[in-house]
Amino acid sequence: MRKLLTIIGILLSMQMFANPVDELIERIDKGASAKFKTQLVKSDKDFFELDQAGNKVVIRGNSWVNIASGLNWYLKYYAGVHLSWNQMQAKLPAKLPAVTKKERRETYLSLRYDFNYCTFSYSMAFWDWKRWEKEIDWMALHGVNLPLAIVGEECVWRNMLLKLGYTEKEVGEFIAGPAFLAWWEMNNLEGWGGPLPTSWYARQEKLQKQILARMKQLGMHPVLPGYCGMVPHDAKEKLGLNVADAGLWNGFQRPANLLPTDARFSEIATLYYNELTKLFGKADYYSMDPFHESNDDPNIDYAKAGQAMMQAMKRVNPKAVWVIQGWTENPREAMVDDMKTGDLLVLDLFSECRPMFGIPSIWKREQGYKQHQWLFCLLENFGANVGLHGRMDQLLNNFYSSKENCKGIGFTMEGSENNPVMFELMSELPWRAEKFTKEQWIKSYVKARYGVEDKAIEDAWLALVKSIYNCPAGNNQQGPHESIFCGRPTLNNFQASSWSKMKNYYDPAMTKKAAKLMNSVAEKYRGNNNFEYDLVDITRQALADQARIQYQKTIADYKAFSRKQFDRDANRFLKMLLLQDKLLGTRTEFRVGHWTQDALNAGKTAEEKKLYEWNARVQITTWGNRYCADTGGLRDYAHKEWQGLLKDFYYVRWKSYFDALAAQMKAQTAPQPELLGGGPNATKTAAELFAMALPQEVKLDYYAMEEPWTLDQTPYSAAPEGSPVDVAKEVMEFFK
């Protein structure tokens, strides 16, 4: 009897998981799977097909992911339902629109990759299974079948290091904290943000197993982290290993590189893979980015290093493929030139702007990647910064001029949950054989996104795709135009982060025009989730752009020594900043509380919660300690235009700066009798007095203002406050 019950249980389990797309539909809208018929069909070519059978919509495909792609296509272009990060559930029509004519889409771009190492820290650092489940659904709907899966890599390293003789304390000094694990994994730093409590390892191990199980259920091929020779910087002294010192990265101590000629390289690589396999199984793809963002080292034989890494991976799975980022110096030709076609897959990380695969760009490689296969990737976002941004024409031109030569596409954003329009466009490229224009496509996107046709909304988006979403060739800035609110104040403030390479390329009148158009019909679409999200985002962009103009006026007042006008304009700028905070507070996605609350929820004890929240706060502000923030240049790299952060962090900087400028102007108009004799300046030299007469930039200790916020534990709520429609209208009234 017990045996019979076991068999029945297994059969029921098999039936329950027989069709993962039906389960995905149920998560979108409970009960809706009964309205669809999904069919898995064998085929050598990737395809999905939309059809009708009675009152059911039929979706066929040669893989579950391709069927999910077909589902997404149907929802967008037949049902007017757009699922994205801000909305992964929807109430489908009681009777689904019929597919009156069979539609079939095919692609030979069989690999569709997702994630940058940075995404796991800038966006996912504190995600739980509930949030990950939504992301995997998003991936399936957008065709991803090759996702990077590095959650829990720290668990592998902890087990490995303990077996090599490191103590728990030493492990904690090596592995980074939750918000900085990506840069530890990429060999950039050690220990910052740690040490991790033991409960974190248990949490991440369980989470990764859930992630991998769901990915495999959908037929995806998870890319696990491979071993590329990283060891703690003290491995020479601790283990007697022959290593190359990697030096510093923006002030942080980097891990060392174990030389491939060391007799123990094979032993340690095998130990790593054994621990990885024991926890998470084997993979068909392994990700390795050795010597990431580092200068060539004459002590390293790069050819032998590549051979050693490839051999170690192949011992685990002879059919495995090494996945490597095409980024700055990587992959080094000396390291990969002797490797066979098919053993290496290169992610051309920034294909929409700085492609390496052979077409003109500042990173062009004359011979591309030679014999190696590669993917055309969309980077789009650095530091998960908030801002409308895209390179639509470049994306389309670069893709359609090269798609015959690549194996697929990839989403390689540093941060997700932004600019859904760009990721939607990218996800459709493999399924659209013929090149099209951004103007043609945006009209269909708008109808799908909001479920309506509206001339005002169309015109708003046409204004955006011809301006802010069309960053031109030659502009190599890293991600969106950064908000003036988020930069450390100076007399010549332009970009917020150190390496953004910002360059003006659109007229701020265009984002203002788009905001006006969206607001003109906002009352009509009150309650439409996608519309309200975009209304806030577009109005936010317009306000940030107008604030940049307001900043210039304020600085002009200062330089003209117009004190009353300076006070008025500085006050207006600060009001705009606080109004931005209020606007963003109407959506959970734009509240700092959604980030800090996730961090707090990841902790079990008060100590853990404090550590995780500190990680969350530091990453989006100073990034590092004083030296790494200021001298290293990391401060504000991951800045966020978020409610709470604006009023409690950025406002403090700007208010202090404007107060200092006002005080300086006041002091310069006050009588200085000491200059007439007897005062402290009476003994100054002529050169010193001359220097006093020159314009003086106000210098404030910004880090001293910033660090207290990173240490503060005042809670922020993730719950939205106010109506997006009403507050957006308030912003537009402010413009008048």
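The buried residues of helix 21 are Val592, Gly593, His594, Trp595, Thr596, Ala599, Leu600 and Ala602. They belong to a predicted model, in which helix 21 spans residues 592-602 and is mostly covered, with eight of its 11 residues buried.

**Helix 21 and its neighbours**

- The buried residues of helix 21 pack against a set of other helices, namely helix 4 (119-122), helix 9 (198-217), helix 22 (606-619), helix 24 (645-669) and helix 26 (702-711).
- With helix 22, helix 21 packs at an angle of about 150 degrees, and the two axes are 7 Å apart; because angles over 145 degrees count as roughly antiparallel, helix 21 is described as roughly antiparallel to helix 22.
- The crossing in which helix 21 passes helix 22 is right-handed.
- On the helix 21 side, this contact is made by Trp595, Thr596, Ala599, Leu600, Asn601 and Ala602, which meet Lys609, Tyr612, Glu613, Ala616, Arg617 and Gln619 of helix 22.
- Sorted by class, the residues of the contact between helix 21 and helix 22 comprise six nonpolar, three polar and three charged.

**Helix 16 against helix 17**

- Helix 16 (residues 438-450) and helix 17 (residues 455-465) have axes 10 Å apart and pack at an angle of about 135 degrees, which makes helix 16 oblique to helix 17.
- Helix 16 and helix 17 cross in the right-handed sense.
- From helix 16, the residues Lys438, Glu439, Ile442, Lys443, Tyr445, Val446 and Tyr450 take part, and they meet Ile457, Glu458, Trp461, Leu462 and Val465 of helix 17.
- The contact of helix 16 with helix 17 is made up of eight nonpolar and four charged residues, with no polar residue among them.

- Four strands form an open sheet, arranged in the order 1-3-2-4 with mixed pairing.
- At the edges of this sheet are strand 1 (36-40) and strand 4 (103-107), each of which pairs on one side only.
- Direction ignored, neighbouring strands of the sheet are turned against each other by 15 degrees on average.
- Within the sheet, strand 2 (residues 46-53) and strand 3 (residues 56-61) are joined by six bridges in the antiparallel sense, and glutamate 49 has arginine 60 in strand 3 as its bridge partner.
- Helix 3 (residues 64-77) packs on the sheet, where it touches strand 1, strand 2, strand 3 and strand 4, and its direction makes about 55 degrees with that of strand 2.

- Strand 5 (residues 111-114) pairs with strand 17 in the parallel sense over four bridges, with tyrosine 113 standing opposite glycine 410.
- Strand 16 (residues 373-378) also runs parallel to strand 17 and is joined to it by four bridges, and here leucine 378 has phenylalanine 411 as its bridge partner.

- Three strands form an open sheet in the order 8-12-9, and their pairing is antiparallel.
- Strand 8 (230-231) and strand 9 (243-244) stand at the edges with a single partner strand each, so one side of each is left without a neighbour in the sheet.
- Strand 8 and strand 12 (residues 256-258) run antiparallel and are joined by two bridges, in which valine 231 has alanine 256 of strand 12 as its bridge partner.

**Threonine 490**

- Threonine 490 lies in the loop between helix 17 and helix 18 (508-520), and because its relative accessibility is 29%, threonine 490 counts as partly exposed.
- If neighbours within four places in sequence are left aside, the contacts of threonine 490 are with Tyr551, Ile555, Tyr657 and Glu697.
- From C-alpha to C-alpha, threonine 490 and tyrosine 117 are 33 Å apart in space, and in sequence they are 373 residues apart.

Notes
Residues are numbered from 1 along each chain as its sequence is written. This is a predicted model: local features need pLDDT of at least 70, side-chain atom pairs count only at pLDDT 80 or more; totals for chains, interfaces and linings use all residues. Side-chain values use heavy atoms; hydrogens and water are left out. Axes are lines fitted to C-alpha atoms, for helices over the stretch in contact, and angles run from 0 to 180 degrees between N-to-C directions. Angles under 35 degrees count as roughly parallel, over 145 as roughly antiparallel, 65 to 115 as roughly perpendicular and the rest as oblique. A crossing is left-handed if the near helix is turned anticlockwise from the far one by less than a right angle, and right-handed if clockwise. Contact means heavy atoms within 4.5 Å. Ala, Val, Leu, Ile, Met, Phe, Trp, Tyr, Cys and Pro count as nonpolar, Asp, Glu, Lys and Arg as charged, and the others, Gly among them, as polar. Buried means under 20% relative accessible area, exposed over 50%, partly exposed in between (1.4 Å probe, protein chains only). Two strands pair if DSSP finds at least two bridges between them.
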